[in-house]
Amino acid sequence: AHSIRLDPGNRFAFAPCLGSDLVAQYRFDEATGQLTANHPPAVMVGAGEGPRHFEFHPNGLWVYLLTELGSSIYAFTFDAALGTWAPFQQVSAVPAGYGGRKWGGDIHVGPSGKFLYASNRAHDSLVVFAINPTDGRLTLVEHVPSGGQTPRNFTLTADGKFLFVANQDEGNLVTFAVDTATGKLTKVTTL
């Protein structure tokens with residue numbers, strides 16, 4: 001397992017298993033902290049993709065998973081009653097024609113729920129997708145250089161107006177202004 005997180009209702013837990021190409025699905029008992037396998041116990045992704053991190057959409061209907069080894073983003077519907085995911089879309093987090101190493105890093109949905117952001121550690125970039133408000137499908141907006149090498153983690157401010165990315169091998173922190181209408185990023189400062 002690479003990570004584990006609870007659903008917004010605090011009833012189910014999900015663990016992306018990087019080496020097994022699956023996301024384990026559990027029932028969570030808040031009183032005891034116990035996890036039990038859900039039915040089905042896992043949802044699969046493509047062979048060799050390496051599930052890494054995921055984010056729930058603010059509406060609670062969709063989940064977006066970034067893979068580390070495939071640099072793909074999988075979109076799932078979330079059944080809050082059963083605690084299960086069902087895939088409905090897969091997109092690349094790296095530009096078309098990119099032939100280098102694929103190495104997804106981090107993923108976040110903006111607080112408005114209109115845009116999704118992910119980092120590509122080997123491509124040294126951030127990718128922006130618009131989220132269709134009706135069906136949750138992703139449409140590419142842009143790829144932007146991260147302002148350094150190996151953008152491992154990033155975060156958005158609570159109002160969604162700024163994005164901060166930590167470039168691991170560059171040893172810097174870069175601030176981007178977020179256009180709240182388009183989702184596009186503009187570099188502001190580097191520390």
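Reader: Is Asn 10 buried, partly exposed or exposed, and what makes it count as that?

Author: The model is a predicted one, and in it Asn 10 has a relative accessibility of 24%. Buried means under 20% and exposed means over 50%, with partly exposed in between, so at 24% Asn 10 counts as partly exposed. Asn 10 is found in the loop between strand S1 (5-6) and strand S2 (12-17), and its phi is positive, about 65°, although Asn 10 is not a glycine.

Reader: Which class does Ser 71 fall into, buried or exposed, and how do you know?

Author: The relative accessible area of Ser 71 is 0%, and the limit for buried is under 20%, so Ser 71 is buried. Ser 71 is placed in the loop between S6 and strand S7 (72-79), and its phi is a positive value near 50° in a residue other than glycine.

Reader: Are Phe 54 and Trp 85 buried or exposed, and how do you know?

Author: Buried requires a relative accessible area under 20%; Phe 54 has 2% and therefore counts as buried, and Trp 85 has 6%, so Trp 85 is buried as well.

Reader: Why is the pair of Tyr 74 and Phe 76 called stacked?

Author: The two centres lie 6.3 Å from each other and the angle between the planes is 20°; since planes under 30 degrees apart count as stacked, the pair of Tyr 74 and Phe 76 is given that name. Both Tyr 74 and Phe 76 are buried. Together with Phe 14, Phe 54, Phe 56, Phe 78 and Trp 85, these two residues form one aromatic cluster.

Reader: How do you know that a charge sits over the ring of Phe 54?

Author: The charged end of Arg 5 sits over that ring, at 5.3 Å from its centre, and the distance limit for such a placement is within 6 Å. In another place, Arg 101 lies over the face of Trp 103, with 4.0 Å to the ring centre.

Reader: What makes S5 and S8 the edge strands of their sheet?

Author: Their sheet is an open one of 4 strands in the order S5-S6-S7-S8, with antiparallel pairing. Strand S5 (51-56) and strand S8 (84-92) each pair on one side only, and they are the edge strands. Neighbouring strands of this sheet are turned by 25° against each other on average, direction ignored.

Reader: How do you know that S5 and S6 pair?

Author: Two strands pair if at least two bridges are found between them, and S5 and strand S6 (residues 62-67) have 5 bridges in the antiparallel sense. Phe 54 stands opposite Leu 65 in S6.

Reader: Why is one side of S13 and of S16 left without a neighbour in the sheet?

Author: This is an open sheet of 4 strands, with the order S13-S14-S15-S16 and antiparallel pairing. S13 and strand S16 (185-190) stand at its edges with a single partner strand each, so one side of each has no neighbour in the sheet. Strand S15 (residues 172-178) pairs with S16 over 5 bridges in the antiparallel sense, and the bridge partner of Thr 175 in S16 is Thr 189.

Reader: What makes Pro 40 worth a look in this model?

Author: The peptide bond from His 39 to Pro 40 is cis, with omega near 0°, and Pro 40 is placed in strand S4 (residues 35-44). S4 pairs with strand S3 (residues 22-28) in the antiparallel sense over 6 bridges, and S3 and S4 form a hairpin with 6 residues between them.

How values were computed
Residues are numbered from 1 along each chain as its sequence is written. This is a predicted model: local features need pLDDT of at least 70, side-chain atom pairs count only at pLDDT 80 or more; totals for chains, interfaces and linings use all residues. Side-chain values use heavy atoms; hydrogens and water are left out. Helices (H or I, at least four residues) and strands (E, at least two) are DSSP runs, numbered from the N terminus. Axes are lines fitted to C-alpha atoms, for helices over the stretch in contact, and angles run from 0 to 180 degrees between N-to-C directions. Buried means under 20% relative accessible area, exposed over 50%, partly exposed in between (1.4 Å probe, protein chains only). Rings of Phe, Tyr and Trp (its six-membered ring) pair if their centres lie within 6.5 Å; planes under 30 degrees apart count as stacked, over 60 as edge-to-face and the rest as tilted. A charge sits over a ring if NZ of Lys or CZ of Arg is within 6 Å of the ring centre and within 35 degrees of the ring normal.
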